[in-house]
Protein chains: 2
Amino acid sequence: MKAAALLEAPRAAPLLAVADLHTSLADPALTSMTLLNEVTGNYPDAVSFAAGRPFEGHYRTEALHRHLRRFTRYLEQERGLGEEQVRRALFQYGPTKGIINELIVRQLEVDEGIPADPDAVLVTTGCQEAMVLLLRALRRDERDVVLAAAPTYVGFTGAARLTETAVHLVPEGPGGLDPDDVARSITRARADGLHPRACYVIPDFANPGGSRMSLDDRRRLLRVAEEQDILLIEDNPYSMFHDGQGRLPTLKSLDTAGRVVYIGSYSKTAYPGARIGYVVADQPVTQGGFFADQLAKLKSMFTLNTSALAQAAIGGLLLEHGCSMERACAREAAVYRRNLRTLLDGLAARFPQGGGSGVSWNVPTGGLFAVVTVPFTADEEALEESARRFGVLWTPMYHFYAGTGGLRQLRLSYSVLTAQDIDVGLDRLAALVEARSGRS
Amino acid sequence: MKAAALLEAPRAAPLLAVADLHTSLADPALTSMTLLNEVTGNYPDAVSFAAGRPFEGHYRTEALHRHLRRFTRYLEQERGLGEEQVRRALFQYGPTKGIINELIVRQLEVDEGIPADPDAVLVTTGCQEAMVLLLRALRRDERDVVLAAAPTYVGFTGAARLTETAVHLVPEGPGGLDPDDVARSITRARADGLHPRACYVIPDFANPGGSRMSLDDRRRLLRVAEEQDILLIEDNPYSMFHDGQGRLPTLKSLDTAGRVVYIGSYSKTAYPGARIGYVVADQPVTQGGFFADQLAKLKSMFTLNTSALAQAAIGGLLLEHGCSMERACAREAAVYRRNLRTLLDGLAARFPQGGGSGVSWNVPTGGLFAVVTVPFTADEEALEESARRFGVLWTPMYHFYAGTGGLRQLRLSYSVLTAQDIDVGLDRLAALVEARSGRS
């Protein structure tokens, strides 16, 4: 009996303790994000200002097939590949740097006026991988640090945690990062015996702050980078989504001193399901080649190469639009413009200036996000009440500050909503504000 | 004049020194691999036993379209998704764990008899990302180490370098890892104050050693893992490519103690261009959920999620073959079987036993690789001569030993060759051996 019982008893599986796993997994920010996703998932019918997703009204399954065929034709006709070589390009292991580099270079020329060498371009599994590769390359030991704006994109701080890179936050104003603040932060870090390597910056409609750097500040930031001998990591997912007044030149296009590493993403301008991003890293390296070659070596140990299939789909989409993503996403840009106006008008109507609501907000001129300051603590508990009692979701801003601020701020994303959704959502938000006012 | 000259002089771009970048980039193994790729690239007309690529004769561009449509139909008909939801699944940001987990679970049941919970499966950007995630999770500090066979897959040692994880190599015999050697290595590491966390193992036709562990050794290794409280990372890209005598059970299917984390790849059984792999990590974690949930959190900071498009293509392929990859890759398996026989017969014909050639080889019963021992140092210099003078390429084995052996061995891969290629290649190899004999 006893032996049989022993045999029957399932052996206990070993419990892995989170404390025995990498420190990034014990990070409170990660737990908060998980909580946030849970709250969002629990209230599927709420109006959601939370998701950072692009507008999805123009997605068509048939387009995937068209784009794949378009890219195949390009390989045959423009690149002169035979049938067997085309198949190899689509199905086989491919070059680590990518197979659509030439098309990305054309796009950079057409849309941004950035002249790029295809060999200095590395295609990545979304721009998230590009950030991880950059930080892995630059972080040799615990003295290597990077700078970023506060608030900053959580994907960047996540990449920093994975690579154990300390991020020194530089508070940003309505005009984005102040180059003098960046210089001061670098000087301070050096005085502490640290090695500031790079500053991460979204000059156009930053996520989440919505700020856009002026042309003058862009030039000043480039000078600081040169004087202080650091790199600038320019992340540009949103510049296409301006208010109709046109774009400012990217840091990369203004850079005459080779200081800018440029990160691009097709997740917002095309669609996220491909997971295609890229990095332009044309800095020469002592060993020869570009910084991109070193990043490619790291990539060969991370993901080997980026899905050829996904590259082909994005490649075909680029070709279909003459390699202009500005053209490709013009309809989405119009939606975001309209939604931003609806949101700002709606906020002004519900929280009139001097009306004593204690609510204020920034006035971004583009992008996908606005930031609202409220007279209560905007944490997960408030969000849970907001979802349950009022049916409206948003993102607590303090996530983007690594614990240094934003406790009474929330981020509103308006990219996937209709004008009517926005109006209903703002009514609900106003009800939440009223219920919470005076409570905390 | 002077001022003008100053203005005209291009400002020097900052030179990044490799020494200022992450240590993995200064690793001699990485430089060797780059050299190897260069040699291979410089002699495109040589017979190449070097590439670890799968047979590409059955790739058809049209199949991609068919598979995408098949997966779309599955989402509609089996999962009950509406048109809009299908589009969202293909184009939008998706769940970090993946969208084909149910199909992978079916495949594990059909092909391997492994019962898996879809929530314990994480889809990854090839199995390379799975290895990086696992090592990132398990490596908290410099005391955490992992074990692996010598010789071992360079992708694993690459992932270890990125995550700064020390790999303790355990020499393998013709039957693969000896569980007693593994136990001894763990004991030794513990005596040195280290924390052995896991042992990486390819039980079936290891790359590059070609060994297959016996059923008895598999059971013994599982016991060692339980007694010594470590995980086994089972990597299984090749088990389908057996000699026709059938497969042995995977470690995962024999595991009653929850010790095995199972890594799968569709790069060899389907095609590499999708970059789809997965990890089954069903170990419960103190915080709740599976180990796969923790790996997913890390993945959300590495690549966010795996290309939905690539997952859809592999999903459609799985559906087309009743979720059996054994069925899907039967034609390729037949090619590899035939080629292995041709290779082994060809070696025996050219280097008869007792003929004094000093050449010997292993006799794998499956997989994609054989190992040949030669009477000279098989390094990049020998490879360069082999390519230039004799028109035949191979892979130096010492890459797989992290400097601990294999200097007179070379790996022959026969997966993309015809029987005629193999014969021509072996003639050339014999000529190289003759030319080199006595020289080193």
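Colleague: How many bridges join strand β10 of chain B to β13(B)?

Modeller: In this predicted model, local features need pLDDT of at least 70, side-chain atom pairs count only at pLDDT 80 or more, and totals for chains, interfaces and linings use all residues. Residues are numbered from 1 along each chain as its sequence is written, while chains are lettered from A and ligands numbered from 1 in the order in which they are written. Strands are DSSP runs (E, at least two residues), numbered from the N terminus, and two strands pair if DSSP finds at least two bridges between them. β10 (residues 369-373) runs antiparallel to β13(B), and the bridges joining them number five.

Colleague: Which residue of β13(B) stands opposite B:Pro396?

Modeller: β12(B) and β13 (residues 409-413) of chain B run antiparallel and are joined by two bridges. Opposite B:Pro396 stands B:Leu410.

Colleague: Which strands stand at the edges of the open sheet?

Modeller: The four strands, with antiparallel pairing, have the order β9-β10-β13-β12 (chain B). Two of them each have a single partner strand, so one side of each is left without a neighbour in the sheet: β9 (360-361) and β12 (395-396) of chain B.
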